[in-house]
Amino acid sequence: MNQLSILSTEQLPAGERMAQWAHCISLYAGQTSAVVRQSEQSSVEPYNPRGFRGRLEFGDLGDLHICRMMASPHRYRRTFRDTDTHAGSSWTLVLQEGGVSHFEQGGNSVMLVPNQFALIDVNQSLEVTSSKGCEQIIIPLEGQRFSLGGPGRLYHLQAEEGLPRMLRSMLNDALAQYSSLSYRASRSVGDALLGVLESAIEQCCSGEDKEKTKPSLMAMIQACIEENLHDPSLNAENIARCLNWSSRSLHRHFQNYFGCTFGDYVWQRRLSRCAEQMLDVSQFNRSITEIAFGVGFSSSSHFSRSFKEAFGMT
């Protein structure tokens with residue numbers, strides 16, 4: 001019978017914990033090849049270094065590698081020294097199980113809330129911010145062939161119904177029952193998962209799910225929010241007016257796509273932006289209040305309460 005391998009930050013040397021954790025994500029979650037690992041430069045920046053916790057549970061189902069990752073609030077960055085060593089695309093599927101994660105790659109961005117998938121090109125530079133921590137199921141798809149767009153493009157699909165929902169249920173069941181599967185059974189489960197996964201991706205990227213995912217539409221909304229995040233008066237009515245929509249339509253699309261309210265999304269992005277700037281060495285000459293006001297907070301006390309609630313620190 002199989003057993004999931006488990007690795008946590010407590011097992012890593014204290015002085016090198018974050019560097020080792022970034023390496024473990026690449027090796028055990030992403031199954032990154034040795035050639036690509038020699039070229040990559042990855043880092044994890046915890047929002048609370050003293051309280052950071054991370055855990056990986058991983059194993060193989062035949063040809064399918066599966067990993068559950070749980071981590072405290074952090075930002076993950078991955079770049080490459082030599083782009084020639086990883087030409088072409090290599091895809092990884094990420095299912096958000098807990099928390100909220102903001103992915104940025106190739107000028108595109110995707111915000112994942114629980115029960116949503118992202119398909120990312122791991123041969124391109126990537127930044128992921130999980131300002132409240134995260135729980136994710138990660139499936140490397142190296143060697144799988146998909147008819148997708150150019151490198152660096154992010155794909156986003158929800159798992160509320162249809163094939164994505166089936167895939168989400170199957171992934172969770174596979175992890176929960178992993179230890180009871182024989183070698184032969186685990187290979188059969190892996191083959192079944194790959195079949196459903198390939199069909200779900202083809203359906204999403206062929207345009208059959210266009211009405212549900214609305215990637216270009218929501219990208220415009222996100223871009224409009226990012227451009228106006230510094231404005232304390234930013235609200236749904238302002239954004240709807242910019243897009244010539246009704247605020248009711250905007251709220252409906254937001255709830256359907258992100259699974260949260262407009263206000264919750266803006267609050268999350270402001271806190272994430274603050275945390276990012278506080279970790280940026282080029283911003284060290286600015287006070288915390290100055291940074292907070294620069295991303296749209298209008299009250300230092302409100303910011304302090306919100307930041308402590310989100311990250312457990314001030």
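Trainee: What makes β5 and β10 a pair of strands?

Mentor: In this predicted model, strand β5 (residues 74-80) and strand β10 (residues 126-130) are joined over 5 bridges, in the antiparallel sense. Two strands pair if there are at least two bridges between them, so a pair with bridges of this kind qualifies. One of the bridges links H74 to S130 in β10.

Trainee: Which sheet do these strands belong to?

Mentor: Both sit in an open sheet of 5 strands, in the order β2-β5-β10-β7-β8, with antiparallel pairing.

Trainee: Why are β2 and β8 called edge strands?

Mentor: β2 (40-46) and β8 (108-112) each have a single partner strand, so one side of each is left without a neighbour in the sheet. From one strand to the next, the twist averages 10 degrees.

Trainee: What packs on the sheet?

Mentor: Helix α1 (residues 17-29) does, touching β2 and β5. The direction of α1 makes about 125 degrees with that of β2.

Trainee: Let's look at a residue in β10. Why is E127 called buried?

Mentor: E127 lies in strand β10. Its relative accessibility is 18%, and buried means under 20%, so E127 counts as buried.

Trainee: How do you know that the side chains of E127 and R77 make a polar contact?

Mentor: The two side chains come to 3.1 Å, and the cut-off for a pair of N or O atoms is within 3.5 Å. The contact between E127 and R77 therefore falls inside the limit.

Trainee: Which residues does E127 touch, leaving out those up to four places away in sequence?

Mentor: They are R75, Y76, R77, H102, F103 and E104.

Trainee: Now for β7 and β8. What makes them a hairpin with a turn?

Mentor: Strand β7 (residues 101-105) pairs with β8 in the antiparallel sense over 5 bridges, and 2 residues lie between the strands. Q105 has N108 in β8 as its bridge partner. In this hairpin, G106 takes a positive phi near 55 degrees.

Trainee: Where is another hairpin found?

Mentor: β3 and β4 form one, with 2 residues between them, and G62 in the turn has a positive phi of about 65 degrees. Strand β3 (residues 54-61) and β4 pair in the antiparallel sense over 8 bridges. Within this pair, E57 stands opposite R68 in β4.

Trainee: Why is β4 described as mostly covered?

Mentor: Strand β4 (residues 64-71) has 8 residues, and 7 of them are buried. β4 also pairs with strand β11 (residues 134-140), in the antiparallel sense over 5 bridges. There, A71 has C134 in β11 as its bridge partner.

Trainee: Is C134 buried or exposed, and how do you know?

Mentor: The relative accessible area of C134 is 8%. Buried means under 20%, so C134 is buried. C274 counts as buried too, at 0% relative accessibility.

Trainee: How many disulfides does the structure hold?

Mentor: The count is 0. A disulfide needs a pair of cysteine sulfur atoms within 2.5 Å.

Notes. Residues are numbered from 1 along each chain as its sequence is written. This is a predicted model: local features need pLDDT of at least 70, side-chain atom pairs count only at pLDDT 80 or more; totals for chains, interfaces and linings use all residues. Side-chain values use heavy atoms; hydrogens and water are left out. Helices (H or I, at least four residues) and strands (E, at least two) are DSSP runs, numbered from the N terminus. Axes are lines fitted to C-alpha atoms, for helices over the stretch in contact, and angles run from 0 to 180 degrees between N-to-C directions. Contact means heavy atoms within 4.5 Å. Buried means under 20% relative accessible area, exposed over 50%, partly exposed in between (1.4 Å probe, protein chains only). A polar contact is a pair of N or O atoms within 3.5 Å; within protein, one must be able to donate a hydrogen and the other to accept it, and residues adjacent in sequence count only if both atoms are side-chain atoms.
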